[in-house]
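Subject: Structure for your review

Dear colleague,

Please find below the sequence and structure that I am handing over to you. My findings follow directly after it.

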Amino acid sequence: MSATKPKVYVETTVVSYLTARPSRDIVTLAHQHITREWWRSAARRFDLVASDIVRDEAAGGDPEAARGRH
């Protein structure tokens, strides 16, 4: 029997921090950095899930940026 990974429901901000250009705002830049560091190992530790609502939100906005969030 294999162990089941815990589910983590990813919200839109996580996706945005992962795909955005580095911010000039130091707090936002720190959030981007922390999110990217977490993301590097998250898939090994968790079953990552995004709701349909999060997918819809991530698909909105600037078309070029939305492609990166898909």
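The protein exposes about 5600 Å², of which carbon and sulfur atoms supply 57%; accessible areas come from the Shrake-Rupley method with a 1.4 Å probe, and for residues only the protein chains shown count as cover. The model is predicted, so local features need pLDDT of at least 70 and side-chain atom pairs count only at pLDDT 80 or more, whereas totals for chains, interfaces and linings use all residues. Residues are numbered from 1 along each chain as its sequence is written, and side-chain values use heavy atoms, with hydrogens and water left out.

Confidence and overall organisation

The mean pLDDT (the predictor's confidence in each residue, from 0 to 100) is 88 for the protein, and 89% of its residues reach 70 or more. Confidence is highest in helix α2, at a mean of 96, and lowest in helix α4 (residues 63-69), at 65. Where pLDDT is low, the predicted coordinates should not be read in detail.

The protein has 4 helices and 2 strands, and from the N terminus on its elements run β-α-α-β-α-α. Helices (H or I, at least four residues) and strands (E, at least two) are DSSP runs, numbered from the N terminus. Of the 70 residues in the protein, 20% are buried; buried means under 20% relative accessible area, exposed over 50%, and partly exposed in between, with a 1.4 Å probe and protein chains only. Among contacts (heavy atoms within 4.5 Å) with a separation of 6 or more, 52% join residues 24 or more positions apart.

Salt bridges

Side chains of opposite charge can pair when their charged atoms come close. A salt bridge is a side-chain nitrogen of Lys or Arg within 4 Å of a carboxyl oxygen of Asp or Glu, and the count by this rule comes to 2.

Arg-40 counts as exposed because its relative accessibility is 56%, while Glu-37, with a relative accessible area of 40%, is partly exposed.

Another links Arg-55 with Asp-52, the closest N and O atoms being 2.8 Å apart. Here both partners belong to helix α3 (residues 52-59), again 3 residues apart, about one turn of the helix. Arg-55 is partly exposed at 47% relative accessibility, whereas Asp-52 is exposed, with a relative accessible area of 56%.

Aromatic pairs

Rings of Phe, Tyr and Trp (its six-membered ring) pair if their centres lie within 6.5 Å; planes under 30 degrees apart count as stacked, over 60 as edge-to-face and the rest as tilted. The count by this rule is 2 aromatic pairs. Trp-38 and Trp-39 form a tilted pair, 6.0 Å centre to centre with 55° between the planes. The rings of Trp-38 and Phe-46 have centres 6.1 Å apart and planes at 25°, so this pair is stacked. Trp-38 is partly exposed at 29% relative accessibility, and Trp-39 is partly exposed with a relative accessible area of 34%.

Nonpolar surface patch

Ile-26, Val-27 and Leu-29 make a nonpolar surface patch of about 270 Å². Patches are made of residues with over 30% relative accessible area and no salt bridge: like charges are joined within 9 Å, nonpolar side chains (Val, Leu, Ile, Met, Phe, Trp, Tyr) within 5 Å. Val-27 lies in helix α2 and counts as partly exposed, at 48% relative accessibility.

Yours sincerely
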